Amino acid sequence: MNPPKRLRIADNEADARTGGKEGDAVDVSIIIPVYNATCWLDECLQGVSLQDFTGSMELSVFDDASTDDSRDVVESWRERLEARGISVVISGHHSAKPRGVGYAKNMAISQSCGKYMCFQDADDVMLPQRVRQQYEASLLHPDSVIGCRVQRLPEGSTERYTRWINTISQDQLITQVYTSHGPTIVMPTWFCSRSWFSEVGPFDEGGKGVPEDLLFFYQSLRQGGGLFRVDQCLLVYRYHEKAATHSVTEDTIWKLRVDFLQERVLSQWESFTIWNAGKQGRKLYRCLSPTNQKKVKAFCDVDENKIQKGFYTYEDSEERPKPKIPVVHYKDAAAPFIICVKLDMTGGVLEQNLNSLQLKEGIDYFHFN
């Protein structure tokens, strides 16, 4: 590994905002926002130190008003990281409250100078091949967000979500961006070029409760960005109750998903069917714009009780008479469909039903749940 190109400390926010000079550029900056992460940092930084990437690297850490000794732990790793050829930039602030993950990431990015950026959460652990394999993938997919497969810790936590992260196809990285799982390339695995980040970013700095990753992810897609997953496990992805993602409400995510679905899909369709006449399907219908509500030709289902009712009445409508949307068996319904049935929860029955109709995901249907 190359010797460190420069050694520096950004002592405060002003220094962090100035960033590295172009002439100082390294190949990859590892971006770590930190807030009260003492118990995770040794393992995290050991993972950084063990990278087998032979290009130049730097570690850029921004401490978002931690009240523990996170910053001291990072500083204690400086000598070991520099001995591995990894230059270290540390800054932070001591305000009464943290300003949020989006702000901390932006600060860590602005004080860094890598041509590519590897995003790392302080509570996760990168495996030795991560930077090398994602760097190689990013060279082939320059205007893309690059991800990887993960190992969930504790093992077995969020089993369905982890399976989805690791097994959806390359095409589904694009078609399944509307589901409640959020970004199909999960944020702790992101790797991208600085030039692409500059086109799309920065992260939203709204603070606690703002899904800065989903907002950036959708904006990247709007601007024509690609998605690519390295199909190797390159990250130990830790689940715990203090994770920042738990501060974002379901309602916030739901609204962003509905808006993006309407913008990207429903605006292109003249009519469609909502697959699920139950609670989730009806909720989606109620949240659509009046224009898109009028495009809903039917709900479809497999539940005979729902089908026998014949229709769903939109009681909250101000229209008179109130809209009544037919409820039909899925075999009698017309594509395209928005699927509001939970993925991986029907024992394969939903997938069999879709296959029986010879439908193509991304053209004839999109998953929403």
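**Close-up views: figure legends**

**View 1. Charges over aromatic rings.** R257 lies over the face of F368, at 4.1 Å from the ring centre. K283 is placed over the face of W254, again with 4.1 Å to the ring centre. A charge is taken to sit over a ring if NZ of Lys or CZ of Arg is within 6 Å of the ring centre and within 35 degrees of the ring normal. This is a predicted model, in which local features need pLDDT of at least 70 and side-chain atom pairs count only at pLDDT 80 or more, while totals for chains, interfaces and linings use all residues. Residues are numbered from 1 along each chain as its sequence is written, and side-chain values use heavy atoms, with hydrogens and water left out.

**View 2. The ring pair W275 and F337.** The structure holds 26 aromatic pairs. Rings of Phe, Tyr and Trp (its six-membered ring) pair if their centres lie within 6.5 Å; planes under 30 degrees apart are called stacked, over 60 edge-to-face and the rest tilted. With ring centres 5.1 Å apart and planes at 65°, W275 and F337 are an edge-to-face pair. The pair links distant parts of the chain, since W275 belongs to strand β9 (residues 272–275) and F337 to strand β13 (residues 337–339), 62 residues apart. Helices (H or I, at least four residues) and strands (E, at least two) are DSSP runs, numbered from the N terminus. Both partners are buried: W275 has a relative accessible area of 4%, and F337 has one of 1%. Buried means under 20% relative accessible area, exposed over 50%, and partly exposed in between (1.4 Å probe, protein chains only).

**View 3. The ring pair F299 and Y312.** The planes of these two rings, F299 and Y312, stand at 85° and their centres are 5.4 Å apart, so this pair is also edge-to-face. F299 is part of strand β10 (residues 296–301) and Y312 of strand β11 (residues 311–313), so the contact ties together parts 13 residues apart in sequence. F299 and Y312 are both buried.

**View 4. An aromatic cluster.** One cluster is formed by F119, Y178, W190, F197, F203, F216, F217, Y218, F260, W269, F272 and F366.

**View 5. The six-stranded open sheet.** The strand order is β11-β12-β10-β9-β13-β14, with mixed pairing. Which strands stand at the edges? They are β11 and β14 (365–367), each with a single partner strand, so one side of each has no neighbour in the sheet. On average, neighbouring strands of this sheet are turned by 25° against each other, direction ignored. Axes are lines fitted to C-alpha atoms, for helices over the stretch in contact, and angles run from 0 to 180 degrees between N-to-C directions. Strands of a sheet pair through backbone hydrogen bonds, either parallel or antiparallel.

**View 6. Strands β10 and β12 side by side.** β10 and strand β12 (residues 324–329) run parallel and are joined by three bridges. At least two DSSP bridges are needed for two strands to pair. D301 stands opposite H329, a residue of β12.

**View 7. Salt bridges E75–R78 and D231–R229.** The structure holds 13 salt bridges, each a side-chain nitrogen of Lys or Arg within 4 Å of a carboxyl oxygen of Asp or Glu. E75 and R78 meet through their side chains at 2.6 Å, N to O. E75 is partly exposed, at 34% relative accessibility, whereas R78 is buried at 11%. In the bridge between D231 and R229, the closest N and O atoms are 2.5 Å apart. D231 is partly exposed at 39%, and R229 is buried at 7%.

**View 8. The salt bridge D259–K255 in a helix.** The closest N and O atoms of D259 and K255 are 2.9 Å apart. Both residues lie in helix α11 (residues 250–264), four residues apart, or about one turn of the helix. Elsewhere, salt bridges with shared partners join E75, R78 and E82 into one network.

**View 9. The surroundings of E351.** E351 is found in helix α15 (residues 349–356) and is partly exposed, at 32% relative accessibility. Apart from its neighbours within four places in sequence, E351 is in contact with D344 and T346; contact means heavy atoms within 4.5 Å. The C-alpha atom of E351 is separated by 33 Å from that of D124, 227 residues apart along the chain.
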